[in-house]
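Subject: Structure handover

Hello,

Here is the structure I promised to pass on. Please open it first; my notes follow below.

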Amino acid sequence: LQSKALSEIKATTDLKVLNQVRITWLGKKGPLTEVLRGMKNLTPEERPVIGAVANDVRDSLTLAITEQQTQLETAALEAQLQAEKLDVTLPGKAIKQGQAHVLQQIITDLEDQFMGMGYQVLEGPEVETDQYNFEMMNLPKDHPARDMQDTFYITPEILMRTQTSPMQARAMVDHDFTKGPLKMISPGRVYRRDTDDATHSHQFHQVEGLVIDKQITMGDLKGTLLAVAHKLFGADHDIRLRPSYFPFTEPSVEVDVSWGAVTADTKPEDIEWIEVLGAGMVHPNVLEMAGIDSTVYGGFAFGLGPDRFAMLKYGVEDIRNFYLNDVRFLEQFKQRG
Ligand code: FA5
């Protein structure tokens, strides 16, 4: 009996079969249990002898099963390791790599550029109050210039900001001038009730810029904007300032960047200009409303449109392409990782 059981145990090749074998020989209906049950029919002299033999058999079978089990488990583990071994020489599956949106790339470039010139980057709310978006920007209620920037109202006092200019007021109110001049840019989304076309979107981006200190001149403004144009478009591009009107700056200018390269030999009439931003010297009313003494402090501000910058830089003919999320379009601007 014992040797038959042992050879069956040794012959098993998987754990399930081994368990079956265990049940057959050691289980409740197995021959050993049978023997032990029959003990009561034996004479007192026979009992210890048979009992000892039965126990020996049970111990040796249990031991054999445990050994066999360990062996089978080790073999199974090895087989699994073998099966899951990684073949590092196989060609990998290519992972599709994403990238920053082209408009975000332009904004990041501008942030790098301005941080290098000592500006801080501030972000502000897209849902703004009438107070900051208009009033503090020298646009009282019923001012005709409000027509230039019709917007989406949440309540009569709360609206989707039409420009990043409210961040000028927020920055001026917060700034501690005993610690030095205020130099900041503020990128973000703005909203207008404009009809969408190739160059207008009802939702687009702006980057606001503001410098407030003593003795800031229009020359500082022009030099700053020229440096930015050179960085973004190349040193062979020029800028042009045209007189304009904004309620929050006086004087105000609109700034164009040359479409093509400009050299010393280029005739002025051959240059093609594209409008990219509005700017000017901060209006004294705006300074005073933010609690700044306009007889001591002054500064310049500008608001540029990254969407238009991107169109100019990459020759994109329709602004709506930036918002359609067509990967085939967006993939063309793989500049960063
Ligand atoms: C303003 O929004 C002023 N806040 C800019 C400013 C700031 C002036 C600080 C002076 C001082 P404007 O409405 O012109 O100005 O818009 C600024 C820029 O945003 C434009 O030059 C243009 O590049 C972009 N822009 C304006 N409207 C749209 C539109 N619907 N779609 C896309 N870009 C637009």
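This is a predicted model: local features need pLDDT of at least 70, side-chain atom pairs count only at pLDDT 80 or more; totals for chains, interfaces and linings use all residues.

Let me start with one residue. Gln113 is buried: its relative accessible area is 12%, and the cut-off for buried is under 20%. Gln113 belongs to helix H5. Beyond residues up to four places away in sequence, Gln113 touches Ala227, Val228 and Lys231.

Next, the helix itself. H5 covers residues 102–116. Helix H5 lies across S1, S4, S5 and strand S9 (298–304). Relative to S4, helix H5 runs at about 170°.

Now the sheet. It is open and has 7 strands. Their order is S1-S4-S5-S9-S8-S7-S6, with mixed pairing. Which strands stand at the edges? They are S1 (120–121) and S6 (239–246). Each has a single partner strand, so one side of each is left without a neighbour in the sheet.

One pair is worth a look. Strand S4 (residues 182–191) and strand S5 (residues 203–213) run antiparallel. They are joined by 10 bridges. Across this pair, Arg189 stands opposite His205 in S5.

Last, an annotated position. UniProt, in an unreviewed entry, places the feature "binding site" at Glu250. Glu250 sits in strand S7 (residues 249–258). Setting aside neighbours within four places in sequence, Glu250 is in contact with Met281 and His283.

Best wishes

Notes: Residues are numbered from 1 along each chain as its sequence is written. Side-chain values use heavy atoms; hydrogens and water are left out. Two strands pair if DSSP finds at least two bridges between them. Helices (H or I, at least four residues) and strands (E, at least two) are DSSP runs, numbered from the N terminus. Contact means heavy atoms within 4.5 Å. Axes are lines fitted to C-alpha atoms, for helices over the stretch in contact, and angles run from 0 to 180 degrees between N-to-C directions. Buried means under 20% relative accessible area, exposed over 50%, partly exposed in between (1.4 Å probe, protein chains only). UniProt positions are given in the numbering used here, feature names are shortened, and annotations may be inferred rather than shown by experiment.
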